[in-house]
There are 2 protein chains.
Amino acid sequence: MSILVVGSVAFDDVTSPSGSVKNILGGAATYFSLAASYFTQVRMVAVVGADFGAEQEEVFKRHSIDTRGIERAEGKTFRWGGSYTDNLNEAKTDYTDLNVFESFHPQIPAEYEDTEFLFLANIQPTLQANVRRKMNGVRLTGCDTMNYWIKGAHAELTETLKLVDVLLINDTETKMLANETNLPRAAHKVLAMGPKALVIKHGEYGATIFFREGAFGIGHHPFRAPALPIEEVKDPTGAGDSFAGGFMGYLASQKELSREVLKRALFYGGVMGSFAVERFGTERLQSLTREQIEERFQVFRELTHLE
Amino acid sequence: MSILVVGSVAFDDVTSPSGSVKNILGGAATYFSLAASYFTQVRMVAVVGADFGAEQEEVFKRHSIDTRGIERAEGKTFRWGGSYTDNLNEAKTDYTDLNVFESFHPQIPAEYEDTEFLFLANIQPTLQANVRRKMNGVRLTGCDTMNYWIKGAHAELTETLKLVDVLLINDTETKMLANETNLPRAAHKVLAMGPKALVIKHGEYGATIFFREGAFGIGHHPFRAPALPIEEVKDPTGAGDSFAGGFMGYLASQKELSREVLKRALFYGGVMGSFAVERFGTERLQSLTREQIEERFQVFRELTHLE
């Protein structure tokens, strides 16, 4: 099956305790696509500028990612600069130049309309909702968002949440969205806003999925996947989008969307996030094999498995 | 088998978003003993004042806890007052009256000398080391400590760590002790200081155990146990000590100390911590059945178990 991602493609400058890189390919849709490409056919809708050339295009081509939905606009591609100090969980944004991304209005190519899975990366909620409404045939829609929209576009985001099946956000975003400090209580409030499942990403502690009663099978228990303790986190940029790529990519590769499949997807999300942070930018995500992914899946499994 | 715990018995005043309680039985050794009592025979070494009476004594007696090692000194029992606001992970200490605990010099009754397992709750490191040296026949020693000793008694703590088998501390304490911000790297540094295993408690995210190469079996992979998402945390006081009680108590109930047993112990630690926080003080720990503990163990197992 195939998955369509709508989101940002960017050039990043990143500084972390492990070093500095400049002008590397980044953006949510980039990390997502590369991670998902190991599981399923990926289609992208994004916007880039004239500085996006054959070299960048080639990265996607090597992963058989369909880039026909990437619009080339006049001007420069979105640029982001960030740095990490000792606390690798939080990036300090050095600059954000939206450039062509500022007036991004996602256009879905006709050839994409039959796509079965959809991922709305972190963009303005009304744009997310518009894309979702155009893709009426999808089996499952995943969605990301951020504090900026939770605070600044709450009403619009509320409308979007009615249209998505799985929301993937972090602890802080969940609590802010629900206006509730207890995490499981916040999770239930968010599920009442629309999504059938909520994936809360805990960074170095893994992730938890909460299900709406009756969604994807029987029962109401949440499920947790661990994260691997990693001795050298070179660059946390894109970890969440890579997580989403592993999670959604695995789902799109499965016939049935049962709870068991969603649980395994949560592990694959962790696996792809753990690879992403091992090198700067998308370097590690560009050079994986499916065998390495399965090996690490087993390591994740062993990490919490009692005999 | 039996386990000896050396640590504090206290009276606590606690305020949390769920309410307020005054003068309730608390202290690290209290939480530890009650949690461990569901698994094994517990012996206590502690000090109390004249305000510790039949009512408190009775709590331990009902759990067949041996209190012959509790010294009755002139003066008042240790008193602690703390409050929790929305962030239940961190207590604000309102007051600490050490009282008789200030001059606590643990004495081990002759009848306790054959105890197989030892837990050194959070007290001054040299006192911990002295107790450990007197208990030469123990099979396994567990140990807790805190920031106060890591900063203020580093040299003494370093000596103590050479004498313990398993250290149980939290993320911040691990990083501070190792002077290293990356958690797995910090864990390896702490293991190099003496312990064969290090249990890092992550609060609401569970716990990770790191093993020294070759200790308790083959392999070098860490292991993670989840924590249960709990909708109403009434009082987090004693969660870490209850975790230690479940962990150590389960170990003391086992013939072999294999990696698999230590992994299960990590789950039982989480189980007992999860019960402790559901009510104020030791209320929940006083009223459990072994059946309820096994039921929750299964819930913890399901929480991360892939078919």
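## A two-chain predicted model at a glance

In chain A, helix H7 (residues 183–191) has these buried residues: A:Leu183, A:Pro184, A:Ala186, A:Ala187, A:Val190 and A:Leu191. They lie on the same side of H7(A), because the arc they cover around the axis is only 155 degrees. Please keep in mind that this is a predicted model.

**Helix H7 of chain A**

- The buried residues of H7(A) have several packing partners in chain A: strand E10 (166–170), helix H6 (171–178), strand E11 (197–201) and strand E12 (207–211).
- Where H7(A) starts, A:Asn182 brings a side-chain oxygen to within 2.9 Å of the backbone nitrogen of A:Arg185.

**The sheet in chain B**

- Chain B holds an open sheet of 9 strands with mixed pairing, and their order is E5-E4-E1-E8-E9-E10-E11-E12-E13.
- Strand E5 (66–72) and strand E13 (223–225) of chain B are the edge strands, as each pairs on one side only.
- On average, neighbouring strands of this sheet are turned by 15 degrees against each other, with direction ignored.
- For a parallel example, take strand E1 (residues 2–6) and strand E4 (residues 41–48) of chain B, which pair over 5 bridges.
- Opposite B:Val5 stands B:Met44, a residue of E4(B).

**A closer look at A:Thr141**

- A:Thr141 belongs to strand E9 (residues 140–143) of chain A.
- With a relative accessibility of 0%, A:Thr141 counts as buried, because the cut-off for that label is under 20%.
- Its side chain makes a polar contact with the side chain of A:Arg132, at 3.1 Å.
- Leaving aside residues up to four places away in sequence, A:Thr141 touches A:Leu118, A:Leu120, A:Arg132, A:Leu163, A:Val164, A:Asp165 and A:Val166.

**How the two chains relate**

- In general, two copies of a chain are related by a rotation about an axis and a shift along it.
- Here, chain B is superposed on chain A by a rotation of 180 degrees, with 0.0 Å of shift along its axis and an RMSD of 0.0 Å.
- The two copies are therefore related as by a two-fold rotation axis.
- Both copies use the same surface, and 100% of the contact residues of chain B recur in chain A.

Definitions and conventions
Residues are numbered from 1 along each chain as its sequence is written. Chains are lettered from A and ligands numbered from 1 in the order in which they are written. This is a predicted model: local features need pLDDT of at least 70, side-chain atom pairs count only at pLDDT 80 or more; totals for chains, interfaces and linings use all residues. Side-chain values use heavy atoms; hydrogens and water are left out. Copies are superposed by least squares on the C-alpha atoms of residues with pLDDT of at least 70 in both. Contact means heavy atoms within 4.5 Å. Buried means under 20% relative accessible area, exposed over 50%, partly exposed in between (1.4 Å probe, protein chains only). Helices (H or I, at least four residues) and strands (E, at least two) are DSSP runs, numbered from the N terminus. The arc is that of the directions from the helix axis to the C-beta atoms. A polar contact is a pair of N or O atoms within 3.5 Å; within protein, one must be able to donate a hydrogen and the other to accept it, and residues adjacent in sequence count only if both atoms are side-chain atoms. Two strands pair if DSSP finds at least two bridges between them. Axes are lines fitted to C-alpha atoms, for helices over the stretch in contact, and angles run from 0 to 180 degrees between N-to-C directions.
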